[in-house]
Amino acid sequence: MARNKRSRWPFVDGLGKEKQVNHAGSGPDRPLRILLVGERRSGKTTCCMTAARMLREKGLRPGGVVCPKLLDRAGNVIGIEALNLLDDPPSREVLARRDRRMDGPSTGAYHFSEKGLRFGREALDAGAGLGDIVFADEL
């Protein structure tokens, strides 16, 4: 894939196609911001995890948090995990469960863990300070 001169690395879109990230207008005083949106189950979290891996392979340090589904043995969604991308491999903590009550707040079908929420906040704070790019999944 040909690279344009303003691009530093390829980015993977939600369908797995490589796209170039245009860095025009970004810099130390104006950081690059990417907002990835899509329908439920369209691959946003997978895209973020793939981009973080690619960035790490290019010598950059991804930070922040991505939140993949937590599945039972039958493949049913029972919750959400939080992964700290600053760690390699990413450390993880259960963020929320659908199948049981946790000690934090509840919204919809999900019951959140205070420990998981604290883990996510700390991962975002650390990523903002130490990461070259920060991911914030499942806001």
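Which backbone nitrogen lies 2.6 Å from a polar atom of the side chain of Asp-132? Select Asp-132 and look for Arg-61: the nitrogen is that of the Arg-61 backbone. This is a polar contact, meaning a pair of N or O atoms within 3.5 Å; within protein, one must be able to donate a hydrogen and the other to accept it, and residues adjacent in sequence count only if both atoms are side-chain atoms.

Before moving on, note that this is a predicted model, where local features need pLDDT of at least 70, side-chain atom pairs count only at pLDDT 80 or more, and totals for chains, interfaces and linings use all residues. Residues are numbered from 1 along each chain as its sequence is written, and side-chain values use heavy atoms, with hydrogens and water left out.

**Stop 1: around Asp-132**

Stay on Asp-132. It sits in the loop between helix 2 (114–130) and strand 9 (133–136). Helices (H or I, at least four residues) and strands (E, at least two) are DSSP runs, numbered from the N terminus. Now show the contacts (heavy atoms within 4.5 Å). Not counting residues up to four places away in sequence, Asp-132 touches Leu-60 and Arg-61.

**Stop 2: the cysteines**

Select Cys-47 and Cys-48. Why is there no bond from Cys-47? Its closest cysteine sulfur, in Cys-48, is 5.7 Å away, which is too far. A disulfide needs a pair of cysteine sulfur atoms within 2.5 Å, and the count by this rule is zero. Cys-47 is buried, at 3% relative accessibility. Cys-48 is buried too, at 12%. Here buried means under 20% relative accessible area, exposed over 50%, and partly exposed in between (1.4 Å probe, protein chains only).

**Stop 3**

Select residues 77–84 and 91–97. These are strands 5 and 6, paired antiparallel over six bridges. Two strands pair if DSSP finds at least two bridges between them. Strands 5 and 6 form a hairpin, with six residues between them. Look for Arg-97 opposite His-111.

**Stop 4: Val-94**

Finish on Val-94 in strand 6. Glu-81 stands opposite Val-94. Val-94 is partly exposed, at 24% relative accessibility. Leaving aside neighbours within four places in sequence, its contacts include Leu-70, Ile-80, Met-102 and Gly-116. Then select Leu-117: its C-alpha is 8.8 Å from that of Val-94, with the two 23 residues apart in sequence.
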